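Have the sequence and the 3D view ready, and look for each residue as we come to it.

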Amino acid sequence: MAELRHSSSIGGRATPSPRKRDDVTSPLSSDNHPLHDDDDGGRDRYPRDRFRSLFSNHFQLLDESARFYSNNFKILLLLISVIVFAGIFSVYSVISRLNAPYLCKKDGITLHCPRVKEPPSLWENPLSTTTSWKPCAERCIGAISDLPEANETNGYIFIHAEGGLNQQRIAICNAVAVAKIMNATLILPVLKQDQIWKDQTKFEDIFDVDHFIDYLKDDVQIVRDIPSWFTDKSELFTSIRRTVKNIPKYAPAQFYIDNVLPRIKEKKIMALKPFVDRLGYDNVPQEINRLRCRVNYHALKFLPEIDDMAEQLVARMRNRTGSPNPFMALHLRFEKGMVGLSFCDFVGTRAEKALMGLYRLKEWPRRFKLLFVQDGSHLWPLALQKRKEGRCPLEPGEVAVMLRAMGYPKETQIYVASGQVYGGQNRMAPLRNMFPNLVTKEELTTKDELDGFRKHVTSLAALDFLVCLKSDVFVMTHGGNFAKLIIGARRYMGHRQKSIKPDKGLLSKSLGDPYMGWATFVEDVVMTHQTRTGLPEATFPNYDIWENPLTPCMCKA
């Protein structure tokens with residue numbers, strides 16, 4: 001009925017009005033059949049001819065209309081298909097974005113992240129970017145030294161090297177440099193116990209003293225002990241008359257010449273205290289900075305037994321799979337002390353936050369009162385800003401997501417240099433589940449093998465230092481002297497070894513974006529960290545030489 005109604009309407013529109021229709025000759029009539037009014041046969045034939053004519057017109061129009069609507073229907077069907085496909089794609093995109101607040105699927109304390117194709121430079125920096133510089137801070141063999149005898153210099157200086165192993169290492173390098181600036185004799189530094197490390201290690205318990213003195217014999221006079229003519233040795237440790245206390249941080253070389261040297265000439269022996277970061281970088285002569293590199297990379301050698309144990313650890317890491325394999329060293333700075341000192345906010349229960357608040361109040365009372373409200377469980381808004389600026393330690397789960405985005409597979413062998421991780425196994429679970437081949441020096445050795453090193457905390461730290469130094473890839477998670485010295489030493493050795501310094505600001509922004517998709521995150525991480533792998537980088541003002549020794553300590557190849 002619908003088709004018929006459609007045809008009738010077309011026919012009605014195409015047929016002339018009744019008055020005009022009588023005057024129009026049918027398209028079916030011909031000259032051989034004239035129509036006559038008085039011819040009965042003509043009168044009978046006229047209605048039939050006209051009827052045939054009308055139906056012919058109707059069917060012709062119907063055919064054209066059907067073709068027209070058929071073409072339109074095909075176009076309409078194509079448009080609907082495109083719209084449906086676009087709708088499905090949009091819905092999928094929205095669902096994908098909404099389902100990716102943490103980029104990876106979380107199953108309890110386990111993270112599941114998509115696998116990423118391994119890039120060709122996964123385990124080392126591209127050769128083309130690492131061949132333009134070579135180390136040049138070693139001593140000159142056969143050079144004639146005009147260095148005066150120890151008792152003929154301008155006097156003696158004595159320092160306490162404070163802090164942990166790596167802060168002590170920097171202080172020793174600076175002490176040699178200051179002795180050179182003032183033409184003074186350096187008394188072998190004392191490694192001072194501090195409130196955090198609580199270690200009684202002496203210089204000779206960790207470093208090869210004979211090599212240290214011999215290697216620098218053409219640069220600075222170094223003696224093992226306070227000279228015998230100075231009878232009251234306790235005075236050197238306690239008397240203010242024998243101590244230079246007004247040395248500013250990052251002091252220029254000229255400050256020592258103008259303010260410290262006259263007192264040394266007068267008293268003949270002086271202690272410099274405190275001595276943490278008391279020598280600048282861009283305000284001292286380049287040869288002095290090169291001397292500091294000589295001390296750091298060539299003169300300061302660990303004892304042979306520490307070197308040998310570290311070599312065994314490296315060999316065991318490379319052969320854990322039964323065949324030679326590269327390995328990564330991860331410096332995971334997420335101990336309770338570091339978390340507390342950072343004054344950053346981390347995921348945890350209300351009870352955990354309250355306990356951390358009490359710990360911070362006990363250890364850093366003045367700073368705590370500035371940053372926290374009375375109950376210590378809520379972080380002051382400015383402390384939250386530190387995370388956005390990338391000034392907070394990376395959590396183990398964040399490290400896991402970053403490494404997976406960079407392309408490191410589940411099978412990666414990882415040596416973890418770390419103290420006791422805050423939060424224990426639950427905090428480590430996301431990292432360990434994504435990278436199950438995590439090991440520490442305790443897991444690579446027997447109890448008997450490590451017992452000889454346990455009496456000195458710095459000896460254990462030295463083992464971690466050497467394994468990280470010799471790893472194929474080194475990854476830091478927070479700042480500090482350990483990571484800074486490792487990255488600098490690996491650069492000095494030729495830039496070939498990858499040393500990854502995470503962009504924590506980018507990670508904080510991406511991991512906090514509920515609409516960040518995995519593909520976008522991977523692209524951002526890979527692109528950003530292409531230039532953060534220990535490649536050659538010019539030293540700029542106020543940039544310390546421990547992390548980047550390029551300009552003063554390396555030469556064009």
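We can begin with Cys468: its relative accessibility is 0%, so this residue counts as buried. Keep in mind as you look around that the model is predicted.

Now for the cysteines that come in pairs. A disulfide is a covalent bond between the sulfur atoms of two cysteines.

Start with Cys136 and Cys555, whose sulfur atoms sit 2.0 Å apart in a disulfide. Cys136 is found in the loop between β3 (133–135) and β4 (156–161), while Cys555 belongs to strand β15 (residues 554–556), so this pair ties together parts that are 419 residues apart in sequence. If you look along the link of Cys136 and Cys555, you will find 95° about the S-S bond, which is right-handed.

The next stop is the disulfide of Cys293 and Cys553, with sulfur atoms 1.8 Å apart. Here the torsion about the S-S bond is about 70°, so the disulfide of Cys293 and Cys553 is right-handed. Cys293 lies in helix α9 (residues 286–299) and Cys553 in helix α23 (residues 550–553), which means that the pair ties together parts 260 residues apart in sequence. Both ends are hidden away: Cys293 counts as buried at 1% relative accessibility, and Cys553 is buried with a relative accessible area of 0%.

Our last pair is Cys344 and Cys392, which form a disulfide with their sulfur atoms 2.0 Å apart. This link is left-handed, with -90° about the S-S bond of Cys344 and Cys392. Where do the two residues lie? Cys344 is in the loop between α11 (336–342) and α12 (350–363), and Cys392 is in the loop between α14 (381–388) and α15 (396–406). The pair links distant parts of the chain, 48 residues apart. Cys344 and Cys392 are both buried.

Key. Residues are numbered from 1 along each chain as its sequence is written. This is a predicted model: local features need pLDDT of at least 70, side-chain atom pairs count only at pLDDT 80 or more; totals for chains, interfaces and linings use all residues. Side-chain values use heavy atoms; hydrogens and water are left out. A disulfide is a pair of cysteine sulfur atoms within 2.5 Å. Helices (H or I, at least four residues) and strands (E, at least two) are DSSP runs, numbered from the N terminus. Buried means under 20% relative accessible area, exposed over 50%, partly exposed in between (1.4 Å probe, protein chains only).
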